[in-house]
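Please open the structure in your viewer and keep the selection panel at hand. The stops below proceed from one selection to the next.

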Amino acid sequence: MQLRPSQISHLPREASVMLLQNLYLLPLLFLLPLLSWSFYLSRKIRIRLRPKTIPLSVNYHFTRKCNYECGFCFHTDTNSYIAPVKDGNAALKLLAQAGMRKINFAGGEPFLYPGHLGKMVDFCKEILKLESVSIVSNGSKITESWIKAHSKNVDILAISCDSFNEETNIAIGRGKGTHIKQLYRIADWCRDYGILFKLNSVICQYNWKEDMNEHIARLQPYRWKCFQVLLVAGENDSDKTKRDVRNFLISDEEYEHFCRNHDKNACFVPEPNNLMAKSYLILDEHLRFLDRTGQCPSGSILGVGVNKALSSVFWDTNGFEERGGIYAWNEEQVRKKQEDELTTAIKTQLGASVSGSCGGPGGQSGKSADMEDIGVRPLP
Ligand code: SF4
């Protein structure tokens, strides 16, 4: 379009009027970059402040070697490597610095290396001052002299036993017929040397109908974990893997049947597959976190550090909380929990007595609340 001379003469005046009319837009020119910069900054700050995943409770499977041959084993004997004590302790120190409060030594069978295990246990308690040091073992290699030497540094000793019928244990692959006798021996040692005695059972096709109540009442474990047998891809899922769990699997209904028959025991802690599969944070023999979806493990925490290793694998922290991953895990905490339970029970009974004396139910028995009445078991 061609402008006429009369229009050209008016242009600077109109332009300045237009500029004045739109002056309010000027601050926006500065504000927009400022806003996007502060958005970027606040995002950075939020990321920095976001709570990192804290490895509160770690399972260190420091060896895969085992003297048993359980058919459902999912951490199988695929190599014989174990990290030197010096490296293991360095890794444990990093974990403690990252917030670890409980360590559980597992395998394979940890007591195939009693000296190695003893050094790490002592380091965790005496140097790192961890809240809880625990060991899971099949029990066959535990001696009283080891317990005596290290009991002050062990909070929990968990022994695996799936049946109180030795024929069943043999069929499963747990030992050659002396498993139950050794289990009772260890329960006694735990009581004698002040260690919390725990029992782990895998519920499978061989034992889901078994009634274990009588033995649980005699053994009095402080916790009895009953796991539904688990299939882990690449570890126990076919005839190509070292173990083949397929003949051991049970349905959810069969597992629930076992639970219904045993859930009156105060120590009973069921762990169905949906809670168990991905909720354990596992450090393997190479000091790597295992990815709980079956992807590649992290780098060694000695190489990449705890945070980077943790962020490169999946660990179901919600599942960890849902299955009660944090619990009373040393003697002091158990005692406190028992005292709290006792206080609550006494209050409840007193309340019932008062309402009973007013004609309400339950007030006429004249029975006082004691430990047995309310099912609180004394510590071993
Ligand atoms: S005792 Fe444990 S590690 Fe050994 S074979 Fe049995 S399940 Fe596997």
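Two strands count as paired if DSSP finds at least two bridges between them. The model on display is a predicted one.

**The sheet.** Begin by selecting the strands. Eight of them form an open sheet with parallel pairing, in the order S7-S6-S5-S4-S3-S2-S1-S8. Strand S7 (268-271) and strand S8 (282-283) stand at the edges; each has a single partner strand, so one side of each is left without a neighbour in the sheet.

**Strands S4 and S5.** Next, select residues 156-160, which are strand S4, and residues 196-203, which are strand S5. The two strands run parallel and are joined by five bridges. Within this pair, isoleucine 159 stands opposite leucine 199 of S5.

**The nonpolar core.** In soluble globular proteins, nonpolar side chains tend to be buried together. Here the largest nonpolar core has 71 residues. Select Phe72, Ile103, Phe105, Leu157 and Ile203, the residues with the most contacts inside this core. The largest share of the core, five residues, comes from S5. Centre the view on leucine 157: residues up to four places away in sequence aside, it touches Ile135, Ile186, Cys190, Ile195, Phe197 and Lys198.

**The ligand.** Now select the ligand and its surroundings. Which residues surround the ligand? They are Cys66, Tyr68, Glu69, Cys70, Cys73, His75, Gly107, Gly108, Glu109, Asn138 and Ser160. By class, this shell comprises four nonpolar, five polar and two charged residues.

**Proline 55.** Move to the loop between helix H2 (26-49) and strand S1 (57-61), where proline 55 is placed. Is proline 55 buried or exposed? A residue is buried if 20 or more other C-beta atoms lie within 10 Å of its own; proline 55 has 25 and is therefore buried. Apart from neighbours within four places in sequence, its contacts are Leu95, Ala98, Gly99, Met100, Leu281, Val306 and Leu310. Of these, methionine 100 is 45 residues from proline 55 in sequence, with a C-alpha to C-alpha distance of 5.2 Å.

**Glutamate 126.** Finally, select residues 114-127, helix H4, which contains glutamate 126. The limit for an exposed residue is 12 or fewer other C-beta atoms within 10 Å; glutamate 126 has 11 and is therefore exposed.

Definitions and conventions. Residues numbered from 1 in each chain as written. Predicted model: local features only at pLDDT ≥ 70, side-chain atom pairs only at ≥ 80, totals over all residues. Near = placed C-beta within 6 Å. Nonpolar A, V, L, I, M, F, W, Y, C, P; charged D, E, K, R; others polar. Helix = DSSP H or I, 4+ residues; strand = E, 2+ residues; numbered from the N terminus. Core = buried A, V, L, I, M, F, W, Y, C linked by C-beta atoms within 7 Å. Contact = placed C-beta atoms within 7 Å.
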